[in-house]
Amino acid sequence: FSQAIVNQGDAHALGFELENTIAAFKGVTFTANVGYTNFKYEQATIPPGLQSLSGPPGFKPFQRPNFTGTLGVQYTSEPVWQEAYVTARIDANFRSETLMTSNTISATSPNASDPAILQAATSPFVWLVNARVALADIDLGQTKAEVALWSRNLLDDREIVQYVGLGPVGSVIYEQARTFGLDVRFDF
């Protein structure tokens with residue numbers, strides 16, 4: 001057995017990121033951010049063995065979405081009971097279509113990208129929505145507490161987040177299913 005570390009080739013990346021927070025009115029805050037990346041390999045610098053992994057037209061960038069971002073809104077109330085107050089937040093994270101592997105050839109067509117593998121290994125544009133509601137700063141004498149109800153992946157998105165080619169088959173990991181939780185925290 002041996003291991004070699006090989007440069008994948010020279011690449012250029014251009015992009016931008018924009019973040020904004022708006023305190024619209026008392027207790028309500030909106031947040032938004034968007035990022036764009038245009039990533040390309042210089043095909044002439046890619047070692048031939050790596051270039052053949054993707055088939056023509058050459059080595060493909062993977063796990064590099066062009067667009068990513070977040071939209072969110074948070075509400076924080078005045079005290080509702082003693083000094084305790086309510087906070088509620090919902091946010092949505094997005095990622096544009098993303099190829100999840102560099103290996104897009106099959107055993108039956110070793111010199112060209114396999115359309116079935118390209119389709120199976122590509123995650124479409126994805127929105128992941130999360131929410132949380134909490135009662136915070138509950139006075140318990142010597143300590144304070146917080147009780148929160150939350151949900152992750154509220155819309156139950158099931159798109160792929162990872163793909164590994166294993167010869168004639170592929171191994172896929174999907175987004176974690178919708179989950180709910182209850183947190184209770186004590187501050188001493």
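Buried means under 20% relative accessible area, exposed over 50%, and partly exposed in between, with a 1.4 Å probe and protein chains only as cover. The legends below describe a predicted model, in which local features need pLDDT of at least 70, side-chain atom pairs count only at pLDDT 80 or more, and totals for chains, interfaces and linings use all residues. Residues are numbered from 1 along each chain as its sequence is written, and side-chain values use heavy atoms, with hydrogens and water left out.

**View 1. Glycine 15 in strand E1.** Glycine 15 lies in strand E1 (residues 11-25); helices (H or I, at least four residues) and strands (E, at least two) are DSSP runs, numbered from the N terminus. Glycine 15 is exposed because its relative accessible area is 57%. The C-alpha atom of glycine 15 is 4.2 Å from that of threonine 37, although 22 residues separate the two along the chain. In the protein as a whole there are two helices and 11 strands, in the order β-β-α-β-β-β-α-β-β-β-β-β-β along the sequence. Of its 188 residues, 29% count as buried.

View 2. A salt bridge is a side-chain nitrogen of Lys or Arg within 4 Å of a carboxyl oxygen of Asp or Glu. The side chains of arginine 132 and glutamate 146 form one, at 2.8 Å from N to O. This pair links distant parts of the chain, with arginine 132 in strand E7 (residues 126-139) and glutamate 146 in strand E8, 14 residues apart. Arginine 132 counts as partly exposed because its relative accessibility is 33%, whereas glutamate 146, at 10%, counts as buried. Arg132, Glu146, Arg185 and Asp187 are linked in a network of salt bridges.

**View 3. Two further salt-bridge pairs.** The structure holds eight salt bridges. One of them joins arginine 89 and aspartate 91, at 3.5 Å from N to O. Aspartate 91 is buried, at 15% relative accessible area, and arginine 89 is partly exposed, at 28%. Another salt bridge joins arginine 158 and aspartate 156, at 3.1 Å from N to O. Here arginine 158 is partly exposed, at 48% relative accessible area, and aspartate 156 is partly exposed as well, at 23%.

**View 4. The nonpolar surface patch.** Leu140, Val147, Leu149, Leu182, Val184, Phe186 and Phe188 make a nonpolar surface patch of about 770 Å². Strand E8 (144-152) and strand E11 (179-187) are the elements that give two or more residues to the patch, and E11 provides the largest share, three residues. Patch residues have over 30% relative accessible area and no salt bridge, and nonpolar side chains (Val, Leu, Ile, Met, Phe, Trp, Tyr) are joined within 5 Å. Valine 147, in strand E8, is partly exposed, with a relative accessible area of 35%.

**View 5. The largest pocket.** The largest pocket holds about 220 Å³ of space. A pocket is an open set of points on a 1 Å grid where a 1.4 Å probe fits, with protein on both sides within 12 Å along at least five of seven lines; lining residues have an atom within 4 Å of a point. The lining has 13 residues, and Pro61, Arg64, Asn66, Glu97 and Leu99 lie nearest the centre. Strand E2 (28-41) and strand E5 (98-99) each supply at least two lining residues, with the largest share, four residues, from E2. By class, the lining has four nonpolar, six polar and three charged residues.

Technical notes. Patches are made of residues with over 30% relative accessible area and no salt bridge: like charges are joined within 9 Å, nonpolar side chains (Val, Leu, Ile, Met, Phe, Trp, Tyr) within 5 Å. Accessible areas come from the Shrake-Rupley method with a 1.4 Å probe; for residues, only the protein chains shown count as cover. Grid points are joined across faces, edges and corners, and a volume is the space filled by probe spheres set on the points. Ala, Val, Leu, Ile, Met, Phe, Trp, Tyr, Cys and Pro count as nonpolar, Asp, Glu, Lys and Arg as charged, and the others, Gly among them, as polar.
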